[in-house]
Each structure stands twice: as C-alpha cells, then as structure tokens.
Amino acid sequence: MIYKPTDLHIKDYSVSGELFRLKQNETFGYLETVPAPEPDKLSDYYESEDYISHTDSKRNLFEKVYHAVRAYSVKQKIKLISKYASNGKQLLDVGCGTGDFLQAAQKNEWAVYGIEPNEKARTIANQKTGNTVFDTDHLSQFEKGQFDIICLWHVLEHLPNLEKQLQHFKSLLKPGGVLVIAVPNHNSFDAGYYHKFWAAYDVPRHLWHFNKNAIKKLADHFQLKLIKIKPMWFDAFYVSMLSEKYKTGKMNPVKGFWTGLRSNIKALFTKEASSLIYILKKE
C-alpha cells in the first residue's frame, strides 16, 4: 500500500508520545505539522537526553558513530562554504548545536557567529569558539548585509514563522551572499519505505517538511537564486537506523544500513536523497 504523507498520523517517539498529522501548505507545497506546539511549549519537546545534536556524549556505539560521521561532515561543510566565500568570510550558523562546524570554520580563518537556543549546547559551543554563540534573541542585533554565508544545517524545519525567518536571513546577507539550507527530503526512498515511522519527520520538533519543489518555490518567492542542490549521503543511514527502532522497537543496524544504502543507490538516479543541501544566492 502506498501512503501519502498527509494520510499519516505520526508519533513523537522522542519525548511526548503524542500523535500529529501533516497538512500541505497550499502556497509553497511543503508539509506542516499540525497541531503545531504553542511557541512557549516548543522547547519542552527538546527535553530528552537522546537529542543527540545538543550533546557531545558518546555513551554507546550509535552515538560514537554519529560523532565520527559528524566530524567527517564538518570537513565537507568547510570545503563547501569555501567555494562561496568570494566576498569575504563572515559566517553565521543558525542552530549551531555544540559548535563543531563553527570551531572548524574559525580555524579556517572565518569570522564566526552562531545562534543556539539550547543553553547546554550553547555553553559547549562557546567553550569551543571563544563566546561567539548567542541565544535566538541576538538575531535581531546583527546588521543588515553583515554576512557572506548563513548556514542552517537541519535547522529550517525547526523554526516557527518560516516565511518571516527566511526574509530576515535574506536581509542579513550581503549582495551576492549565500544561504545554505540542509533539510530532510520527504520524497526520498527511505521516507516512502518507512512512511509513518520515518525518523526525519521528527514531529513536532520538525514543524515543516520539504521537498525540492517546495524549496524552489520558497526561493523564487524571496528572490533567491537556487544555484545548487547536493545530497547528504550519510543521512539515509542514520535516519533508516533510527526509523527501524521506531518501527520495530529495537535497533536493527544491519537492516537500517541496508535500507539507507538502497535509498542512496536509488537517489543516484532520482536525485531524491534522504536529505538535501540547497545553495541559495542573494543577487
């Protein structure tokens, strides 16, 4: 049986156990989590020791592998942004977690700034970067046209007031500056395979769920030029392994790895990887 995402009732497996559903946005085509948490309650859904991006802990093999892959991915991200540093090296990383990417960029002579709402993760990031990471309120204190590159690595899907946020990020970019957005892709093979158990839905922390058409429409609306789309190959393995846990109640790394591999092989032909990086340029 083939499921559409909007047919599904999806469980919050990380924190609350509550059920949510997905609704398609009529203007841009992305999917919205409904009901969305109230803004003052949203942080409650991140209160879990298993929320891995907010910690540097390596308590088990799964976390050790995650951090090893993250270290490799950081190097690849530095290579990526270096290609688009023609105007300068002012970098803002929104939702920077524990600051590994910012730390690496700083070592590569970028002037770095980070935004991280989680206090524990922000403290760790500031220890790594010399206090260059701030709470969300600080976004309003940056100057318009300040940054050459703004990165949102698996962050856009978490942000309330999506259109307002995108407009603000655009205003913070210099002319010719680049917005780098990495988000899960619900048109991927692994999303269809796991349907309601697909870990990258991650409701209600993920408020929005994107595919390529939705990002293209958003880019056009905000007059940002979509200049490149890149796959994030490792995400298919991580997401599939976690999806196996949600589906069966236990980790099955072999089956999860196999599903992730199948997803990546199919993505070589369909260009629909589990997660995609979008490079948007302000002209």
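1. Ground rules. The model is predicted, so local features need pLDDT of at least 70 and side-chain atom pairs count only at pLDDT 80 or more, while totals for chains, interfaces and linings use all residues. Residues are numbered from 1 along each chain as its sequence is written, and side-chain values use heavy atoms, with hydrogens and water left out.

2. Overall build. The protein has eight helices and 11 strands (DSSP runs numbered from the N terminus: helices are H or I with at least four residues, strands are E with at least two). Its C-alpha atoms fill a box of roughly 50 × 45 × 40 Å along the principal axes.

3. Of the 283 residues, 52% count as buried (buried is under 20% relative accessible area, exposed is over 50%, and partly exposed is in between, with a 1.4 Å probe and protein chains only). The protein exposes about 14,100 Å², and carbon and sulfur atoms supply 52% of that area (Shrake-Rupley method, 1.4 Å probe; for residues, only the protein chains shown count as cover).

4. Among contacts with a separation of 6 or more, 69% come from residues 24 or more positions apart (contact means heavy atoms within 4.5 Å). On charge, there are 39 positive and 31 negative side chains, and the centres of the two sets lie 8 Å apart (Lys and Arg are positive, Asp and Glu negative, with His and the chain ends not counted; each charge is placed at NZ of Lys, CZ of Arg, CG of Asp or CD of Glu).

5. Aromatic pairs. The count comes to 15 aromatic pairs (rings of Phe, Tyr and Trp, the last by its six-membered ring, with centres within 6.5 Å; planes under 30 degrees apart are stacked, over 60 edge-to-face, the rest tilted). Take Y13 and F197: their ring centres are 6.4 Å apart and their planes sit at 45°, so this pair is tilted. Y13 is in the loop between β1 (9-11) and β2 (19-24), F197 is in the loop between α5 (189-194) and β9 (208-209), and the two are 184 residues apart. Y13 is partly exposed at 28% relative accessibility, whereas F197 is buried at 17%.

6. Another pair to look at. F101 and W153 have ring centres 5.6 Å apart and planes at 80°, so they are edge-to-face. F101 lies in helix α2 (residues 100-107) and W153 in strand β7 (residues 147-153), so the pair ties together parts 52 residues apart in sequence. F101 is buried at 5% relative accessibility, and W153 is buried at 9%. Elsewhere, F28, Y30, W208 and F210 form one aromatic cluster.

7. T259. This residue is found in helix α8 (residues 253-270) and is buried at 1% relative accessibility. Leaving out residues up to four places away in sequence, T259 touches F189, Y193, Y194, S240 and E244. T259 and F189 are 70 residues apart along the chain, with 8.7 Å between their C-alpha atoms.

8. N118. Look for N118 in the loop between β5 (111-115) and α3 (119-129). N118 counts as buried, at 17% relative accessibility. From N118 to T98 is 9.4 Å, C-alpha to C-alpha, across 20 residues of sequence.
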